[in-house]
Amino acid sequence: MLLTNNLGYPRVGPFRELKKANEAYWAKKISAEELLEAGKTIRQNNWKTQKDAGINLIPSNDFSFYDQVLDLSLTVGAIPARYNSLLGKIDRQYNLDLYFALARGFQEGGVDVTAMEMTKWFDTNYHYIVPEFVKNQEFKLTSEKFLNEYNEAKEFGIETKPVIIGPITYLLLGKEKEADFNRIDLIDNLLPVYEEILSKLADAGAAYIQIDEPFLALDIDAHVKALYATVFSKLSAAAKGAKLIVATYFEALLDNEDIAVNLPVHALHIDLVRGEKQLDTILAKVPASLTLSLGVVEGRNIWKNDYEKSLAKIQQAVDALGKDRVWVAPSSSLLHVPFDLDNEKNETSLPAEVKNWLAFAKQKLAEVKDLAVLADADAEVDENTTKRFEANKAAAESRRTSPLIHKPEVKERVNNITDEDAKRTSAFAARKAAQQAKFGLPAFATTTIGSFPQTKDVRKWRADLKKGAITQEAYDKAIAEETENTIRLQENLDIDVLVHGEFERNDMVEYFGEQLAGYAFTSNGWVQSYGSRCVKPPVIYGDVYRPADMTVRWSAYAQSLTNRPVKGMLTGPVTILQWSFVRNDQPRSTTTYQIALAILDEVQALEKAGIKIIQIDEPAIREGLPLRKADQQDYLNWSVRSFRVSSSNVEDDTQIHTHMCYSEFNDIIRDIAAMDADVITIETSRSQMDLLEAFAGEFKYPNDIGPGVYDIHSPRVPSTEEMVELLRKAKAVVPAEQLWVNPDCGLKTRAWPETKAALESMVKAAKILRAE
C-alpha cells in the first residue's frame, strides 16, 4: 500500500476544549498545569485518531495554544525588546505568561506592553502573529516544544513526524522593525538554531521531519530562490540521517519547480487541489532520489473527495515514479476544517442530503487511507473500502443533479448585472457634501465597528431560545433592553455615530447565512481563526438569495431610540464568501455576485427604513487575493465590482462605510479606493499606524478613513495619550478632514469594563485632536 501522510490536524478540540481552557486560564480560573493538561489531552486524542485512521506519517508540533508562528518565534528567541521585563520567566518547555503577552499584550503589575501584530495566514481566514525583526537580529533556542511533543507522542506509543515552519518562510512571514535591512538577510543568524532543532530531533529518534516552505509556491525573487539549495544543504546535514520532507501548499510550484525537486531532501509535498495541473510538469523533473507526497484531498474545504479524479492523479504519479515513491495526503494541514462530521446531528440546519456531500478532518483521514488502498494494485481491497468507493461515486452524482442547488431566477439576475449597477450616482465629493449636510458630524467623528460585548447572558439567551427554554417574546425583550442600554452608553460617552450592538447575532457571517437561501449550517463545525477565537463557517451548497429582511428590525429599533445616526451593519459579499465553506462546482465570482445582490436588497431595505449610514464589512477582500500575482487582478476586478453592486444603488446622502482588518494594503490600495466606500475603517493600532502609509503614499486615498486607535484583540486598555499619539501620526500622513476615530475591529470579544474605559479614552482623544 502507498504510504499515507498528514501535514497537520485541527487543535482546538472537537467541541472547542482548547478555547475554553485558554479563556479560563486568562481569567485565572484554572492553573497553568490544568491548561497544559488540556493541551496534552487534545494532542493525544489527535494522534490516536490519526493512527486509528491508518495514517503512516502523523504530525507532531502542529499543536499550538495560540499560533504556530508565535510558537516558532518563541522557539528561536525572536522576542521583541519591549518584552524584556518578562524574559526572566522563560523556561525550556512553555512560558505561558510571556507567550500570551506576545499574542495579546500585557497590562499588569506596572508592566504595560502592546501585542505583536497579527495578519492573515496566506489567503486563509487563520491569523498568525507576525514575527518582528531588527537589524543584526540574534536568535537562540529558547523553547524545546518541538522536542517535548515528539517525545510525548513516543511515550504515548505513537511515532510522529515533527513539523516545523521552514527558515526562509519564517523570515518572509515577518516584518522589519528597523530601516535599511532585509529580513531575509538574517538567514545566516537563524540557521544555527534550525540546525540545533534538527539535531535534537534526530538524536531523539525522529525518522521523518516535515519542514513547511509554502513560499516555494509563491512569487519569490531571485535572491530568495538562490537561498533554498544552500539552506537545505545545511539542514540536511544537521538532520543526521532523519528524512526531511519539504511541504508546499496553497498554490502550484510553477517557476519554482526546478528548485523544489532538486532540494537535498527525502520527499516533497505538493498541493494538487490549488495546483491541480502541476503534476503534468513536475513528474518529468523528479530525480530518482525524491519521493512525492500528493495533496489530493482538499485540506481547506469540506466537500467529499472525488475518488475517481484523485485516483487518476495518483496513478499518473505511480506510473512515473513507482508506488514506493508516492505518498497520499491532504493538500494542506487540516487546521482549516472542522473535526468530525459525525458530531453533526441536526438535520434541520444540515439536511441529510447536503451532509452526504461533506467530509471533515476525521473523514478526510479516511479518504486519504481509502485512496492509498485503492491506488495500490497489489493491495487487498476489502469489501468496506469497495463500498465506500461506490458510495463516494453516488454522492458525487447526487450533488451534480440535486434540485436543492440550482435556482434559474438567481442565475438570471446575476447574468443581468450591468456596469451601471456597480457605481454610485455622484462622485465622492458631492456625496460627502450631501452627507455632511444631513448628519453635521464634527471633525474626527467617532464611531465603533459594530459589535459590543457579547456577555454570557447574551449567549445564554440565544442558546435558550434554540433549546426552547425561553419564548421568542422573552428573547426579543432581552435583546431590546440590551440594545437600548448600549445606545444610552454610546450617547453618554458622546460617540457621534452609534451602532445597535449586534446582540442578536452569533457571528458576522453565520448570522447572514442563516437567513440566506442556499446555505446549510453545522452544530460543531468549529475552526480556529486566531488564538481562542473559533468560527463556525456556514456551508454554501446552492444558489444564494435573500428571502426576507435580515437586519432591518433591530437597526430601525435602535435608530428609534436616539437622534444620533445609527449605522446599519452588514457583512460584505466577498467576506461572506471567504468565511464560508464555498461550493466548488461553479466559479467563486458567480457565487459572490449572488451574495452581492442579496446584500443590495438588504441595503435598500435599510435605507427605506430610515437607516442612512450603512456599513458593509469587507475584512476578507485582501485575504482572498490569489497568492500568485498573475491571478490577482482578475480577482480584484470581480471582488471590487461585487462590493459596488452591493452598495451603489442608494441616495447620495446615504453614507456607505466598509471595514477591513489585519491586512497589508500597499499592493492593492488603488483597488480598495475603487470600492468607493464613503468611509473605510482599518486596523492600525498594532502597527502603530504603519499600515496607514499605504493610504498616503504616491497614491492619495480619496475618501474618508478611520484608522483604528484601540486594539480590541488585546485585553489591555490604551490611555487617552496613547490614542492621541496614534491620531497625530495619522494626521501627519492623511488630511485631518478625511479622518474618523474608531477601534480596530468589533468589540464582541471584549468585556464591558475595558470596553467602556477604552471608548471613553477614544472620545477624549478625538476631542483633543479637534481642539488642536
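Two strands are said to pair if DSSP finds at least two bridges between them. Strands (E, at least two residues) and helices (H or I, at least four) are DSSP runs, numbered from the N terminus. The model is predicted: local features need pLDDT of at least 70, side-chain atom pairs count only at pLDDT 80 or more, and totals for chains, interfaces and linings use all residues. Residue numbers start from 1 along each chain as its sequence is written, and side-chain values use heavy atoms, with hydrogens and water left out.

**Stop 1: the five-stranded sheet**

Select strands β20 to β24. These five strands form an open sheet with parallel pairing, in the order β20-β21-β22-β23-β24. Because β20 (567-571) and β24 each have a single partner strand, they stand at the edges, and one side of each is left without a neighbour in the sheet. On average, neighbouring strands of this sheet are turned by 20° against each other, direction ignored; the axes behind such angles are lines fitted to C-alpha atoms, for helices over the stretch in contact, and angles run from 0 to 180 degrees between N-to-C directions.

Next, select residues 613-617 and 655-660. These are β21 and β22, which pair in the parallel sense over three bridges. Isoleucine 614 stands opposite isoleucine 656 of β22.

Move on to β23 (residues 679-682), which runs parallel to β24 and is joined to it by four bridges. Here valine 679 faces aspartate 704 in β24. Within β24 (residues 704-707), Asp704 and Gly706 point one way, Ile705 and Pro707 point the other way, and all are buried (under 20% relative accessible area; exposed is over 50% and partly exposed lies in between, with a 1.4 Å probe and protein chains only).

**Stop 2**

Two bridges pair β1 with β14 (residues 326-330) in the parallel sense, and valine 328 in β14 is the bridge partner of threonine 4.

**Stop 3: aromatic rings**

A search of the whole structure finds 22 aromatic pairs. Rings of Phe, Tyr and Trp (its six-membered ring) pair if their centres lie within 6.5 Å; planes under 30 degrees apart count as stacked, over 60 as edge-to-face and the rest as tilted. Select tyrosine 228 and phenylalanine 232: their ring centres are 6.3 Å apart and their planes are at 10°, so the pair is stacked. Both residues lie in helix α8 (residues 222-238), four residues apart, about one turn of the helix. Tyrosine 228 counts as buried at 0% relative accessibility, and phenylalanine 232 is also buried, with a relative accessible area of 0%.

Then display Trp121, Phe122, Tyr128, Phe215, Tyr249 and Phe250, which ring pairs link into a cluster.

**Stop 4: charges over rings**

Select lysine 393 and phenylalanine 389. The charged end of lysine 393 sits over the ring of phenylalanine 389, 4.8 Å from its centre; the criterion is NZ of Lys or CZ of Arg within 6 Å of the ring centre and within 35 degrees of the ring normal. Finish with lysine 536, whose charged end sits over the ring of tryptophan 526, 5.2 Å from its centre.
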